[in-house]
Amino acid sequence: MTCTVCLRDLYADELNHQACRPCTDRVDQHLAALAGPTGLYAQLASNLHPGSGGGGPAVSGSRTAPLPVRLDPLSLAARGGIVTILQTWLIDWHDLLGYRHPRWDGDLQQQCDQVVNRLRVLLPWAAESHGAFDEFAREISQLRRQAEAASGGERPPRRVPVACPCGHTLRITLDTAGVRCPACSTQYGHTEALGLPLAERRAA
């Protein structure tokens, strides 16, 4: 049996789980980073105005007035963004467990904290039993990266070209959970993908 997230073999006490402990812990860390008064979701509100993400004054190279808010953090902070995505997952989990529909109280920041807390409580069950845990893990990782980029924090990880033995070039990041070569269908886990040699640059 393998982890559906990183594709590495599961330990004996993880058999029949959807995800290994390291991947489960990584998802828990991503969730924790989103919530709280100093979390990534809270930081989005302070980065809504143009220029606020870079620490300097707003600068526009056009003759037209800039938009009054930055759209990236706004789309993540508004309804339909981070909070709504997390709530959709929690509703799915409650339905599968036969629990009553979760309630949302307070403003979006409070709802973010509530849904993150509940997801973290149910995370061990999901890592063991939820058939789409790999999709959940990827989406939470993506939300964290988007929130960091929109908040002026870390930029999306740089993709590095590596060579599959079949000759095809794969592009991976340091946090790549796994990758499949489209040319030969070989599946690589995290460690195996990082162990592939760098692809040679072709002459222009």
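Let's start with one cysteine: does Cys6 count as buried or exposed?

Modeller: Happy to, and keep in mind that this is a predicted model. Cys6 counts as buried, because its relative accessibility is 1% and the cut-off for buried is under 20%. A disulfide is a covalent bond between the sulfur atoms of two cysteines. For Cys6, the closest cysteine sulfur belongs to Cys23, but the two sulfurs are 3.7 Å apart, so they're too far from each other for a bond; a pair would have to be within 2.5 Å. Cys166 is in no disulfide either, with the sulfur of Cys164 as its nearest cysteine sulfur, 3.6 Å away. Cys166 is partly exposed, at a relative accessible area of 41%. Search the whole structure and you get 0 disulfides.

While we're looking around, let's turn to empty space. Rolling a probe the size of a water molecule over the atoms shows where empty space is left. Here, the largest pocket has a volume of about 550 Å³. It's lined by 24 residues, and the closest to its centre are Arg138, Ser141, Arg145, Asp175 and Ala177. Helix α6 (133-150) is one of the elements that supply at least two lining residues, along with α1 (21-34), β2 (169-172) and β3 (178-180). The largest share comes from α6, which gives 5 residues. Sort the lining by class and you find 10 nonpolar, 8 polar and 6 charged residues.

Notes. Residues numbered from 1 in each chain as written. Predicted model: local features only at pLDDT ≥ 70, side-chain atom pairs only at ≥ 80, totals over all residues. Heavy atoms only, no water. 1 Å grid on protein atoms, 1.4 Å probe; cavity = no way out; pocket = protein on both sides within 12 Å on 5 of 7 lines; lining within 4 Å. Points joined across faces, edges and corners; volume = space filled by probe spheres on them. Helix = DSSP H or I, 4+ residues; strand = E, 2+ residues; numbered from the N terminus. Nonpolar A, V, L, I, M, F, W, Y, C, P; charged D, E, K, R; others polar. Buried < 20%, exposed > 50% of the residue type's maximum accessible area, 1.4 Å probe, protein only.
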